[in-house]
Amino acid sequence: MTISVALVGTGNAGKLALTQLIDDSRFDLVAVCVHNPDKVGIDAGVLAGVGTTTGIAAVDDLDSIIALSPDVVVYCAMGDTRPVDAFNDVVALVSAGIDVVGSAPGGLQYPWGVMPEKAISALENAARDNNASVFVTGVDPGFANDLVPLVFAGTCQRIDQVRCMEIADYATYDGAEVMFDVMGFGKPLDETPMLFLPGILGLAWGTTMQILAAGLGITIDEILEQHESEPAPEEFEIAAGVVEKGTRAAVHFEIIGMSAGRQAVVIEHVTRLRGDLRPDWAQPSQPGGCYRVEIVGEPSYRVDIMPTSAKGDHNHAAIVAAMGRIVNAIPAVHAAPAGIRTTLDLPLVTGDGVFVGAGAPSDGAALR
């Protein structure tokens, strides 16, 4: 039995989720909702770039999506700069008895200890009263710093610290709002971007801190933040625009979760717009970027996650991975008990339904 699904948001992430929703026989795509007025009325196949016509024209009205009563909505609208609106959208959807699986708002990855208790209760009550489930994830925050470290932690006899890293060149990432407004690239170093306002790093990755703490059976007593920026040595162009000389061109930040006086959980990001910037900062294990999980304990681990794609670079591959995690989780979330679901209580999402089988993969790449 197929699951009827609607998609909200067709940006860098949502577009890739849409591709799978159109092609995956487990799902019946019934609607697409967009924010950009230029996309209204365009066929979902065109928006996804799959070269087929689906007969589903994009709308810009969430109420019309709710009126269709799909089983699940894949919610990929922007949440970084509109967290309250995104949260209210999710409440509206579950209040109509519609399950939500998506990438926003990020706080719902594991809201306890991060979001106000009043907001959590409002969503939980709406979900339970209407038998709906919610699961929000991604890659980072997401599976690279909850699912992956917890799997390896489960083999340890002792753990002193868990560190999750993203080391990436963002020059090819074309999300101008995230790049310039949120992260502050291309802006003067004395101008504090949204991401580096006091408390924002801890809020953005607080869900990761709390879900790892819950999985490891510890308590995060305090979250510390630190960051530094590197200026552009000259003017250069990236996918999102122009970075002028002297403006922010690389950032390094850490969010440190303290437990019983020790740095128990650390989230570290090294984000460059050129590979030659700050060679003393951590380097990726493949050109462009990687995700890294380091566990200090017995045994200790260093696990490098190196997403690649036949259709794009490391940035594209990472978004594909995030959307794959979201879309493949739909059946489990739809079958799950009502309420906010997390990696800790969902069954293992194995990719059941996406294996190509005998012969070559669908994109023509050779099996290895």
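The open sheet here has six strands in the order S7-S10-S11-S6-S12-S13, with mixed pairing, where a strand is a DSSP run of E of at least two residues, numbered from the N terminus, and two strands pair if DSSP finds at least two bridges between them. At the edges are strand S7 (222-231) and strand S13 (301-305), each of which pairs on one side only.

Please keep in mind that this is a predicted model, in which local features need pLDDT of at least 70 and side-chain atom pairs count only at pLDDT 80 or more, while totals for chains, interfaces and linings use all residues. Residues are numbered from 1 along each chain as its sequence is written, and side-chain values use heavy atoms, with hydrogens and water left out.

Within the sheet, strand S6 (residues 158-169) and strand S12 (residues 289-298) run antiparallel and are joined by 10 bridges, and Arg163 stands opposite Glu294 in S12.

Let me turn to Glu268, which lies in strand S11 (residues 262-272). Is Glu268 buried or exposed? Glu268 counts as buried because its relative accessibility is 9%, and buried means under 20% relative accessible area with a 1.4 Å probe, protein chains only. Its side chain makes a polar contact with the side chain of Arg163 at 2.7 Å, a polar contact being a pair of N or O atoms within 3.5 Å, one able to donate a hydrogen and the other to accept it.

Finally, on confidence, the chain averages a pLDDT of 94, and 97% of the residues score at least 70, pLDDT being the predictor's confidence in each residue, from 0 to 100. Over residues 364-368, however, the pLDDT is below 50. Where pLDDT is low, the predicted coordinates should not be read in detail.

Methods. Helix = DSSP H or I, 4+ residues; strand = E, 2+ residues; numbered from the N terminus. Buried < 20%, exposed > 50% of the residue type's maximum accessible area, 1.4 Å probe, protein only. Contact = heavy atoms within 4.5 Å.
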